[in-house]
Amino acid sequence: MQRVTTLRRTLVSAVGAVALGAPAVPAAAAPTPAPTQTSNAFVEVTPNTAQAGSRVNIRASCDQANNNQATVESQAFGRAIVRPNNGFLTGAVTIPGNRAPGTFDVNLTCPNGNTAHTTLTVVNMSKPTQGPATGGGGTAGGFGGPMVLVGGLAVVVLGGGLWLVSARRRAETRL
């Protein structure tokens, strides 16, 4: 098994070096740092941008260890336990309402040693206590509403009076 892993590392290094235009270096010559995320472990937070005080869902996988619970930690919400659910690890947490806005790391730690990482962006938009000040429309309270009604009635009465005068003149000119 070790031989296959060494061969795989050498192959990946060679392909990466060719892609970058550098000479291939065997994996044994240069130590590689421990990966921060295995290829089959992952953690997701939905929504990944959330209002402070709201609830977010976590979905994760620990590769072949999804039958055991794991730990998810972040400065955005603290520590949470994700539990097996239909082949994945799931959970939900509430971001504290007083959490400052920013982007926070979310880290999964599996019992089998696998880890995964993602980010969560917390926003803190104030909620309005009243509607926007858009001016005094026709439905606004106060003096404007009744005045519009009186003005409209005056225009109708004036228009009716002019029509009567006009009709009477036409009748007199025909005679």
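Reader: How many aromatic pairs does a search of the whole structure find?
Author: The search finds 1 aromatic pair; rings of Phe, Tyr and Trp (its six-membered ring) pair if their centres lie within 6.5 Å, and planes under 30 degrees apart count as stacked, over 60 as edge-to-face and the rest as tilted. This is a predicted model, where local features need pLDDT of at least 70, side-chain atom pairs count only at pLDDT 80 or more, and totals for chains, interfaces and linings use all residues. Residues are numbered from 1 along each chain as its sequence is written, and side-chain values use heavy atoms, with hydrogens and water left out.

Reader: Which residues form the aromatic pair?
Author: Phe 42 and Phe 88, edge-to-face, at 6.1 Å centre to centre and 65° between the planes.

Reader: What does the pair tie together?
Author: Phe 42 lies in strand E1 and Phe 88 in strand E6 (residues 88–94), so the pair ties together parts that are 46 residues apart in sequence. Strands are DSSP runs (E, at least two residues), numbered from the N terminus.

Reader: What lies over the face of Phe 88?
Author: Arg 59, at 4.1 Å from the ring centre. A charge sits over a ring if NZ of Lys or CZ of Arg is within 6 Å of the ring centre and within 35 degrees of the ring normal.

Reader: New topic. What order do the strands of the open sheet have?
Author: The 8 strands have the order E1-E3-E6-E5-E4-E7-E8-E2, with mixed pairing. Two strands pair if DSSP finds at least two bridges between them.

Reader: Which strands stand at the edges?
Author: Strand E1 (41–46) and strand E2 (49–51), each with a single partner strand, so one side of each has no neighbour in the sheet.

Reader: How many bridges join E4 to E5?
Author: 5 bridges, and the two strands run antiparallel. Thr 71 stands opposite Ile 81 in E5.

Note on methods
Helices (H or I, at least four residues) and strands (E, at least two) are DSSP runs, numbered from the N terminus.
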